[in-house]
Amino acid sequence: MPPRFISAGYDYDERQPAAKLFGRRRTIHQLFGGGKVADIVLWRNKHLSGVILAGVTVTWFLFEVVEYHFLTLLCQFLIAAMLLIFIWSNGAALLDRSPPKIPEIILSERTFREFAIYLHARLSRFLVIFQNVAMGRDLRLFLLVIASLWIISVVGSFFSSLNLLYLGYLCIQILPALYERYEREVDHLAYMGSRDLRRLFHRFDANVLNKIPRGPIKEKKYR
């Protein structure tokens, strides 16, 4: 039977405040920047999220399953684009309409500037966080990051880079949206699991570690 709640922030069993996963205080939407990227990741804009997911899936399928070469696919894409523009331009002249303006459609100055500013801000923030972690001020976080990177490197040795990137994208595109939908249930299960782990550790510490004989501690004499 799934866990139930009597009120917002409390569980039925012990009426303890439901702790947020990883101790966060902001919403999932705020953690992803609260902008268009967050809307895409959390499927607030379902059409755009679906189109991007379909595009990434087709790209993965072409390179990994069909085993297309990048240069071959790029040349064939450019050939198709040139034929499309040729037909469009000549058709527009016959119909007395303006020809397509590809640079303004694909790379408008405003869109490119907004993307560059967003990318610069995210990269700067990542480098600041990386520097703070690498300095070792929080030793626990420092060791956790090193262990996580080592595990990812081991896992990455069993997959191709494209498969790993596609799997990571699927996780980013699916898991946050599922967590946002079932946030209270996941937080409840995570809280109960962490509580049970703490109890298990305290029991192991009391029944095993504390019973290990230790030699007497000699006090050092200082002159």
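**Salt bridges and a buried glutamine in a predicted model**

Asp196 is partly exposed, with a relative accessible area of 41% (buried means under 20%, exposed over 50% and partly exposed in between, with a 1.4 Å probe and protein chains only). The model is predicted, so local features need pLDDT of at least 70 and side-chain atom pairs count only at pLDDT 80 or more, while totals for chains, interfaces and linings use all residues. Residues are numbered from 1 along each chain as its sequence is written, and side-chain values use heavy atoms, without hydrogens and water.

Asp196 forms a salt bridge with Arg195 (a side-chain nitrogen of Lys or Arg within 4 Å of a carboxyl oxygen of Asp or Glu). The closest N and O atoms are 3.7 Å apart. Arg195 is buried, at 11%. The count comes to 2 salt bridges. Glu180 and Arg44 also form one, with closest N and O atoms 2.5 Å apart. Glu180 lies in helix H8 and Arg44 in the loop between helix H2 (36–41) and helix H3 (46–65), so the pair ties together parts 136 residues apart in sequence. Helices are DSSP runs of H or I, at least four residues, numbered from the N terminus. Both residues are partly exposed: Glu180 at 25% and Arg44 at 46%.

Helix H8 (residues 161–181) also holds Gln173. Gln173 is buried, at 2%. Its side chain makes a polar contact of 2.8 Å with that of Tyr169 (a pair of N or O atoms within 3.5 Å; within protein, one must be able to donate a hydrogen and the other to accept it, and residues adjacent in sequence count only if both atoms are side-chain atoms). The Gln173 side chain also reaches the backbone oxygen of Ile40 at 2.9 Å.

Technical notes
Helices (H or I, at least four residues) and strands (E, at least two) are DSSP runs, numbered from the N terminus.
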